[in-house]
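Please consult the sequence and the model alongside the points below.

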Amino acid sequence: MTDTKAFLSTARQVITDEARALDVLAEGLNDDFAEAVQLILQAKGRIIISGIGKSGHIGHKIAATLASTGTPAYFVHPAEASHGDLGMVSKGDVVLAISNSGEAPELVNMLAFTRRFGIPLIGLSSKPESTLMQQADVHLLIPSLGEACGFGMVPSISTTLTLAMGDALAIALMKYRDFKPEDFRAFHPGGKLGAQLSTVRDLMHSGSALPLVAADTPMSDALIEISQKGFGVAGVTDAQGWLQGIITDGDLRRHMDGLLDKTSSQVMTEDPTTISPKALAEEAVAIMNDRKITSLFVVDPDANRGAEGLLHIHDCLRVGLG
């Protein structure tokens, strides 16, 4: 028979203990953290993350977060480093070595290598007097608060604090570098995140695919353009090629009587809603949903009123937006 109350009580205690430990970590941050950020910013090479066991797993995540937010980084396994992978570390790099105890024997060769070749070393540990922290140029100290298991053997609080310290480094570096959503998308082109960060330019149709007609085009020809391009709309341009209006199915219904005797400018809706090619596709979806329309012509407000592209709601749905 399961003891639901006991399970929930244990879970809440673990989460509470880790949350309190995070508060202690935040309050204890000092100039050493700022020094670590400065050291990474000054690096001409990459940030090398290394650690063994649970520290290694956390190190993998820290390296991935740094790399995806504009700080080139990769993980080097300390055991593999002793068998040739130290060749992946070079002058200009900065090494971030992680060990809760600061005494992981697998890190010895990595530490010796950094000292021999003058490679800056950041130590991340909970033991200020440990070998790692004694060798390190910069110290990222996490509070030694035991583990959530109660007998100090199951990495939990210590790994949570290590992960939080890595996240703090990555975000501090990201903000200093003014890393923007469009930069973030460059490192995350796939999946839901990539879709959310897609710009209108990424998804729009352009060139010969655009359904465009001149203002004096007879509606008989405009209907052919609408049919051939397959978007259900046509943009109407003036003599300078600027977007003057749009013809939609609603416009066709409103002018059904004598439609073929009219020109495009007589049927169109003037000053159509447009969007910048630099806007996020999610913004375009919001506009189309709000105005109950299915497509937007793309016009760069900083250039001219010429249509650069057309974005249809189906283009957004296809990548998972909407």
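The largest pocket has a volume of about 340 Å³. A pocket is defined on a 1 Å grid over the protein atoms alone, as an open set of points where a 1.4 Å probe fits, with protein on both sides within 12 Å along at least five of seven lines; grid points are joined across faces, edges and corners, and the volume is the space filled by probe spheres set on the points. The model is predicted, so local features need pLDDT of at least 70 and side-chain atom pairs count only at pLDDT 80 or more, whereas totals for chains, interfaces and linings use all residues. Residues are numbered from 1 along each chain as its sequence is written, and side-chain values use heavy atoms, with hydrogens and water left out.

- Strand 11 provides the largest share, three residues.
- Helices (H or I, at least four residues) and strands (E, at least two) are DSSP runs, numbered from the N terminus.

**Positive phi angles**

- Asp 271, although not a glycine, has a positive phi of about 45°.
- Asp 271 is placed in the loop between strand 9 and strand 10 (274-275).
- Asp 271 is exposed, since its relative accessible area is 63%; the classes are buried under 20%, exposed over 50% and partly exposed in between, with a 1.4 Å probe and protein chains only.
- Lys 292 is a residue other than glycine with a positive phi, near 55°.
- The loop between helix 14 (281-291) and strand 11 holds Lys 292, which is exposed at a relative accessible area of 74%.

**Salt bridges**

- How many salt bridges does a search of the whole structure find? The search finds six, a salt bridge being a side-chain nitrogen of Lys or Arg within 4 Å of a carboxyl oxygen of Asp or Glu.
- Side chains of opposite charge can pair when their charged atoms come close.
- One of the bridges joins Arg 201 and Glu 308, at 3.5 Å from N to O. This pair links distant parts of the chain, with Arg 201 in helix 10 (residues 200-203) and Glu 308 in strand 12 (residues 307-312), 107 residues apart.
- Arg 201 is partly exposed at 42% relative accessible area, and Glu 308 is partly exposed at 28%.
- Another bridge connects Glu 225 with Lys 229, whose closest N and O atoms are 2.7 Å apart. Both residues lie in helix 11, four residues apart, about one turn of the helix.
- Glu 225 is buried, with a relative accessible area of 14%, whereas Lys 229 is partly exposed at 24%.
- Asp 251 and Arg 254 also form a salt bridge, at 2.6 Å from N to O. About one helical turn separates Asp 251 and Arg 254, because they are three residues apart in helix 12 (residues 249-254).
- Asp 251 counts as buried at 2% relative accessibility, while Arg 254 counts as exposed at 57%.
- An α-helix has 3.6 residues a turn, so residues three or four places apart point the same way.

- Thr 217 is located in the loop between strand 6 (212-214) and helix 11 (219-229).
- Thr 217 is buried, as its relative accessible area is 15%.
- The side chain of Thr 217 reaches the backbone oxygen of Ala 214 at 3.0 Å.
- Apart from residues up to four places away in sequence, Thr 217 touches Ala 222, Thr 263 and Ser 264, where contact means heavy atoms within 4.5 Å.
- Ile 224 belongs to helix 11 and is partly exposed at 45% relative accessible area.
- Between Ile 224 and Pro 211 the C-alpha to C-alpha distance is 9.8 Å, and the two are 13 residues apart in sequence.

**Helix 1**

- The 25 residues of helix 1 (residues 4-28) should span 36 Å at 1.5 Å a residue, and the end C-alpha atoms are 36 Å apart, which agrees; the expected span is 1.5 Å times one less than the number of residues.
- Glu 18, Ala 21 and Leu 25 are the buried residues of helix 1.
- These buried residues pack against strand 5 (138-141) and helix 7 (157-176).

Definitions and conventions:
Polar contact = N/O pair within 3.5 Å; in protein donor to acceptor, adjacent residues only side chain to side chain. 1 Å grid on protein atoms, 1.4 Å probe; cavity = no way out; pocket = protein on both sides within 12 Å on 5 of 7 lines; lining within 4 Å.
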